[in-house]
Every structure is written in C-alpha cells, then in structure tokens.
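Hi,

Here is the model I promised to pass on.

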Amino acid sequence: MAVSAVEAQGVTKVFGSGAGEVRALDEVDVAIRQNEFFTLLGPSGCGKTTLLRLIAGFEQPTSGEILLEGQPIAGTPPFRRPVNTVFQSYALFPHMSVAQNVGFGMEMLGKDRRTIAETVERTLDLVKLGGLAGRKPAQLSGGQQQRVALARALANRPKVLLLDEPLSALDLKLRKEMQIELKRLQGETGITFVFVTHDQEEALTMSDRIAVMSAGRILQVGSPTEIYEKPTRRFVADFIGETNFLAAEVVAGEAGSLRVRLPGGRELSVLDAFEHKPGQTVTLAVRPERAELAEGGAEAQLAGRVENLVYFGTDTTYHVGLEAGGGFVVRLQNREGARRRHEVGASVGIRLPAEAVQVLRD
Amino acid sequence: MLATLRRHPALQRLLLIGPSAAVIGFFMVVPLGLMVAVSLMGRNIYGGVHWGDFTTEAYVKFLFERNLDDTLAFNPVYLQIFLRSFWLSLSTTVVALLFGFPVALYMTLQREPYRTVLIFLVTVPFWTNLLVRNYAWVLLLRDTGLINGALLGLGVIDHPLPLLYTPFAVAIGLAYSFMPFMVLPIYASLEKIDFRLVEAAYDLYAGRLTMLRRVVLPLARPGIVAGSTLVFVPCLGAYVTPALLGGSKTMMIGNLVAGRFSEARDWPFGAALAFFLLAMVLLAMLLQALRSRRQAEAG
C-alpha cells in the first residue's frame, strides 16, 4: 500500500492550561492518501483548522505525531515543510505585486529568475489571472485575491496543499465557480488537497473523502456517499443533510442483522455494523427522501398524520406527527405534476425500506 | 447672529479657522519674521541690534572671516559644527532605530494588558525634566561615575575611560532622550500589520530573518520613516544634551546659536545660524517627501 501523504497518529492539541485549558484536538488518528481531495468538515471550534495548522507547522501537537509521506515532522519549522497553505483571509503581501506574491515561495527556495517568471506566468494562467501580474492585491476583487492566494501556494508544487476555508469570503455564485475550479486544479496538478470547511454542501461536492469532526475528534471518515448514506453517528447524520432519528429496541440480532421494534410497536429487520445486543436501545437514522408515504396500509412501519407540507417545486416535504409521539419528515419528488398526494390532516403510514434505515453506533 | 452665519458659509469658515490661524500667526509667524529682521540688522555689541542698520554680514560670517583689509577668507569653524551636528544626529537616529525597532516589535508581540503597560513604560522618561535625565547620564559617564567606577573596581581598567564630554556621550544621551519618538511610531505601524502575513511568509519557505526583511520591515516603513524624522530633526537643534554631555568640545548647532545670543552678544549671527539650521531641516524633509512620492509612484 502506498504511503499516506499526511498521517496523524494520536494527535492531541491543548491550548492554555489549568482552568482555561481547551482541548482543540483529542487523540486524532487520520490518514490522508496521496493525490486525494480530503476535506475536514465540522462546525466552528471542532478543531479542523487546528489540525490544518499542525500539518502546516504553525502549531506543535501537545502529544501524538504527524507524518508527512511517512516521515515524522515534529520540530520542523513551517518554512522547511513541503506544504503550502491557502489562508482564509488570503494573507497576500500588500506591498508586493501579484507576480511577486506568486513567485515569493520559489524565490525563497532559491529558484533562478527565469524559472520563477515562467512558473508565475503558467500558474497565473492556470487560475485564469493572466494579465494581472503587475497589480497590487488591493487593486483586485475578492475573487481575484482568492485566486492569487491559490496560485501563490500552487506555484511551489507542494506535496500537500492546505486550504483553510478559502471560499468562505466569496459570494454564492463565485463560491460555486471556485468549487468547480478547485476540483479541476486538484485533478490537473495531482497535488494532495486538504480542505477545511464548515459547509457540508461544499464538502460533498468537492471531496474524494471527508472527515467529519466534532469537539476535537474525527467521528467518521468516508467518501461523500458513505458519509451521507451510511452515517455511523448521530452527529454526522445530523450535521450533513436532514435526518429523522428514531429510537428503537433490539428484539433479536445476530451477525450484522437486527430485528428492532419501532415506536408504535411495528418491527423491522435492519443491517447493523456495531453488534448491538437484544434489549439494547438503538438510534435509527432515515433520510427524508428515502422514506415513503402510504395511505395507512399494513406494510407501513409508522403511522401518523400530516401536520404540514412544504412545496419546493421539484419535491414536497411532508411533516408527519407520529401516533407514537415525535415528528417525521418525508420528502417526495413531484413526478406526477402538481397533484398533491396527501393533504394536511390526512392519516398516513410511513414505509421504511430496510436499506434506507441506518443503525447508528451511539 | 446665527442666522447671518448660516447664510454666509465663508464667514462660518473664517470663524472656525480664525482662532488656530491667529495662534499660529502670533506664535510662529511673528517670531520667525522678527528673527529674519534681527538676522539682517547690524550687531549691537551690548546685545540686541541696531534697528535700521541693514546688512547681510551675519550670513557672510557663517562661511567667511573678514580680514583687516576687508577681504574675505574661508572659515570652516561653523560649517564644522553644522557637519558635526548632522553626523551626530544621523548616528543618534541609527542608534535609536537599532534599539527602538526590536523594542517596538517586542511590544507588538505581547498580549493586551501587558502591551499597554509597556507603552506606558516607554513614555515614563517624559515624566521628568530633560535636564534632570541628562544629569543622570553625567553621573553614569563621568570619570568617577557608575560605569568607570565599576570597571575600575573590577580591575578591568587602570584609568577611567574618557566617556563624558565626547561625541559618543552626546549620541548616547540624544538616543536615550528621543527613543520614545522612535519606538512609538514604529510600534503604531507594526501593530497594524496582519500577523497572518508572517505565517504566510513562513509557509512560503521564508526563514525568520528573511521574513522580517521582506514582510515586516517594508510594512513598518511608514513608522520607521516617521520615527527617524522625529528623532533626526530635534537632534539637529538639540541644546541641553550636548551642553551637558558634550561640554565645550562637542558643540552642536543649538549650543552655537545659544552662545551667539548670550556670551557673544551677536544676535544677528545667532539668528542667521538658526535660519541655516531651518534650511537644513526643510531640505532634508523635502528630499524625504520627494523620495516617498517617487516610491509611491513606482509601486
């Protein structure tokens, strides 16, 4: 197996001490593969930026080790690490031109003038900024500054490119453009990208793999499909997209398959990756678009009444009050024109296909 | 009254500018004009001038001596004092910059409550009189002073080092006196630097010194220029420090001018010397302004 581009082994980072101690990272293990677009996703304060800064070398881990292509890099200052960062605020040097900014890293590495000039030109073309080489950062728009920051980091051909929420300051349209652009650049350059964001949509659309973080821990690592379709923890299921949670009791179970009793008494067979035992209570996660509505009927696993519905054009969201208590959201595509299938107040059954139900670990 | 004002914006402006214009006019233009007049009058050997006795003799005296047969001979004495003042001010500025910049940088890197304490400490020397502070340096530098006493006591030297009444003593004293004028402007411009730029420089393979040279220094330039000007200009006209620490051997322009008005009783020459000093300062500032404009255009 190929060596990981970046690997964190039991990395803990504690800021402050005593009563003011903050545990930003708590025993984090993660392996980022060569040439992948890897995203650290989580709410603010989850430790994702701290992990990025540890990889860049701006902070040192309190304990644990970070490996770059298999080599421990503890104690190596940032200016000797073959990684480059695209900062959230861009951090362009205001007193230098675009070309000087982009060429700065190569100049520091002692490349000759011609190589620098050529690479600067090529990189600026790559980020579609050809012709702006002589401008100062202050003369550029936010989107252009973003591209300069990107070019400045890419020009050095780092082993790993670290991106700290680089798109958060851009407006929606520009952000969408840059998402596609970043993905294209990653493909063209083949550089490993480690991308930090709190935007789940950004993470899903751009990443090869995502690590979902919360409170200094990595909760789940997987492809966007795995993260969305097969969340293993309540936080992951809740943070990404919309999810219905149901508490269910295990009545029987063996070798990855469980028989659970749902609120309201109906039973259902589901797959389980976590060896739950009969008598335990488990949490089930069901995406709104994976459940189906039935007019009552025997095959439905849950019964309730439509409390509210929201028409979105492409689909309609039904908020159902369950007879056993609690609510459940079902989203149906509007394939059959504008005809509503269920009105507010109607009694409905909710069908849960076995493959739509994800048994969570906690 | 108010209604009249509202109808005449020009009158309004005049009333607003008026007080400050009067203050500047009275306290700056009038004395300066008076000095111009004094410098162009004949000398009264008991002090003051003979009004109405117009002569440019005072300006000639700066460079030339009048022989008995009324021919002029070049006399470099005053020019030497001017050049010495210039070099002393320049070296003082360099010393203040070398010591002041690290101090300002250190202050910038501190956390908030401590940082305010440091700013306060930098201004503490202003709380006592300049004269008193310079006497303190006399106590430190004289033959029986703290430094020589300690070195003699330790057996490092046999005879006291000649520290006091030297250009060195004057430069040290001036650098000490004007240090806050260097530190505070540099601090103000360093404080405005986004320190993520420092991280960006490190990230782009710049070592610590290269980072300082390529990122921090260029961005701190306005503060460095302001601080250097604020130290250099008053140094040129310094009086107390060279009088106390330089003695008669290391005379500067300020002492020369003061001497013309007191012991020498040559008011016109004193006034003329003051205008040579003023011209020197204005020239230096003009050059600086031109330079920074050229730089702004270039970059």
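**Chain B: the annotated spans**

Residues 20-41 of chain B are 91% helix and 5% strand, with 31 Å between the end C-alpha atoms. Helices (H or I, at least four residues) and strands (E, at least two) are DSSP runs, numbered from the N terminus. Before I go on, the ground rules: this is a predicted model, where local features need pLDDT of at least 70, side-chain atom pairs count only at pLDDT 80 or more, and totals for chains, interfaces and linings use all residues. Residues are numbered from 1 along each chain as its sequence is written, chains are lettered from A and ligands numbered from 1 in the order in which they are written, and side-chain values use heavy atoms, with hydrogens and water left out.

That span is one of those UniProt lists as "transmembrane region" (unreviewed entry) in chain B: 20-41, 86-107, 113-132, 163-187, 223-247 and 267-287. UniProt positions are in the numbering used here, feature names are shortened, and annotations may be inferred rather than shown by experiment. Residues 86-107 of chain B come out as 100% helix and 0% strand, and their end C-alpha atoms are 30 Å apart. UniProt also has "domain: ABC transmembrane type-1" (unreviewed entry) at residues 82-288 of chain B. That span is 77% helix and 0% strand, and its end C-alpha atoms lie 20 Å apart.

**Chain B as a whole**

Chain B has 13 helices and four strands. Its radius of gyration is 25 Å, well over the 19 Å that the globule rule gives for 299 residues, so chain B is more spread out than a compact globule. (The radius is taken over C-alpha atoms, and the rule is 2.2 Å times the number of residues to the power 0.38.) Along the principal axes, the C-alpha atoms of chain B fill a box of roughly 80 × 75 × 40 Å.

Of the 299 residues in chain B, 37% are buried. Buried means under 20% relative accessible area, exposed over 50%, and partly exposed in between (1.4 Å probe, protein chains only). Taking contacts (heavy atoms within 4.5 Å) with a separation of 6 or more, 62% of those in chain B join residues 24 or more positions apart.

**The largest pocket**

The largest pocket has a volume of about 440 Å³. For the method: on a 1 Å grid over the protein atoms alone, a pocket is an open set of points where a 1.4 Å probe fits, with protein on both sides within 12 Å along at least five of seven lines, and lining residues have an atom within 4 Å of a point. Grid points are joined across faces, edges and corners, and the volume is the space filled by probe spheres set on the points.

Which residues lie nearest the centre of the largest pocket? They are B:Val225, B:Ser228, B:Thr229, B:Gln288 and B:Arg291, out of 16 lining residues. In chain B, α4 (77-108), α10 (208-236) and α13 (267-298) each supply at least two residues of the lining. The largest share, seven residues, comes from α10(B). By class, the lining has ten nonpolar, four polar and two charged residues. Here Ala, Val, Leu, Ile, Met, Phe, Trp, Tyr, Cys and Pro count as nonpolar, Asp, Glu, Lys and Arg as charged, and the others, Gly among them, as polar.

**Chain A**

Chain A has eight helices and 20 strands, and its C-alpha trace spans about 75 × 50 × 45 Å along its principal axes. Buried residues make up 51% of its 362 residues. UniProt places "domain: ABC transporter" (unreviewed entry) at residues 6-240 of chain A, a span that is 36% helix and 26% strand.

- A:Ala56 is in helix α1 (residues 48-56) of chain A and is buried at 1% relative accessibility. Leaving aside neighbours within four places in sequence, its contacts include A:Val83, A:Leu162 and, from chain B, B:Asp203.
- A:Val127 sits in the loop between α3 (113-126) and α4 of chain A. A:Val127 is also buried, with a relative accessible area of 1%.
- A:Asn35 has a positive phi of about 60° although it is not a glycine. A:Asn35 lies in the loop between β2 (22-32) and β3 (37-41) of chain A.
- A:Arg157 has a positive phi too, near 50°, and lies in the loop between α4 (142-154) and β7 (160-164) of chain A.

Cheers
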